[in-house]
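Reader: Hi! I'm new to this one, could you walk me through it?
Author: Happy to. Let's bring it up on screen.

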Amino acid sequence: MNYKNKIVVITGTARGIGKNIALKFASTGALAVIVDQDEKAGRAVVSSNLSQEYKAEFYKLNLDNSERIGRMLSELFAQYDHIDVLVYNARA
């Protein structure tokens, strides 16, 4: 699939399955918005993507309550005017 120029928000992306999902979207041309509470690991994912010419950015957030999630989505909508895909990857 081609997600070129699509805005894709993926939570829980600092490692594991979430990281792989983010990398896959970024490799198809999407701007992958990496959302995780682990800032160091999340920024490392973004750095590795940018070095491979993928588009990605990091957004630090602990998904422990709906108010914070709503605020994040409002900020992202304000910045990009839309979100094409939202992948909620919750860790156990």
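Author: We'll talk through a few residues and the salt bridges.

Reader: Before we start, what kind of model is this?
Author: This is a predicted model.

Reader: Thanks! Where is T11 found?
Author: T11 sits in strand β1, which covers residues 7–11.

Reader: And is T11 buried or exposed?
Author: T11 is buried, because its relative accessibility is 2% and the cut-off for buried is under 20%.

Reader: Which residues is T11 in contact with, leaving aside its neighbours in sequence?
Author: Once the neighbours within four places in sequence are left out, T11 contacts V35, L63, V87, Y88 and N89.

Reader: Nice. Let's move to V45, where is that one?
Author: V45 is in helix α2, residues 39–51. V45 also counts as buried, with a relative accessibility of 2%.

Reader: What does V45 touch?
Author: Not counting residues up to four places away in sequence, V45 touches T13, A14, K19 and I34.

Reader: How far apart are V45 and A14?
Author: In sequence V45 and A14 are 31 residues apart, while in space their C-alpha atoms are 6.5 Å apart.

Reader: Got it. Where is N5 found?
Author: N5 is in the segment before β1. N5 is exposed, with a relative accessible area of 51%.

Reader: And what about the phi of D81?
Author: D81 has a positive phi too, near 75°, and is likewise a residue other than glycine. The place of D81 is the loop between α3 (66–80) and β4 (85–87).

Reader: Is D81 buried or exposed?
Author: D81 is exposed, as its relative accessible area is 65% and exposed means over 50%.

Reader: Now for the charged pairs. How many salt bridges are there?
Author: The count comes to 4 salt bridges. One of them joins D38 and R15, whose closest N and O atoms are 2.6 Å apart.

Reader: Which parts does the pair of D38 and R15 tie together?
Author: D38 is in the loop between β2 (31–36) and α2, and R15 is in the loop between β1 and α1 (16–27), so the pair ties together parts that are 23 residues apart in sequence.

Reader: How accessible are the two partners?
Author: D38 counts as partly exposed at 25% relative accessibility. R15 is partly exposed as well, at 42%.

Reader: What does R68 form with D64?
Author: The side chains of R68 and D64 form a salt bridge, 2.6 Å from N to O. R68 is partly exposed at 35% relative accessibility, and D64 is partly exposed at 47%.

Reader: One more: where do R71 and E67 lie?
Author: R71 and E67 both lie in helix α3, 4 residues apart, which is about one turn of the helix. Their side chains meet in a salt bridge, at 3.4 Å from N to O.

Reader: And is E67 buried or exposed?
Author: E67 is exposed, with a relative accessible area of 56%.

Reader: Great, thanks for the tour!
Author: You're welcome!

Conventions
Residues numbered from 1 in each chain as written. Predicted model: local features only at pLDDT ≥ 70, side-chain atom pairs only at ≥ 80, totals over all residues. Heavy atoms only, no water. Helix = DSSP H or I, 4+ residues; strand = E, 2+ residues; numbered from the N terminus. Buried < 20%, exposed > 50% of the residue type's maximum accessible area, 1.4 Å probe, protein only. Contact = heavy atoms within 4.5 Å.
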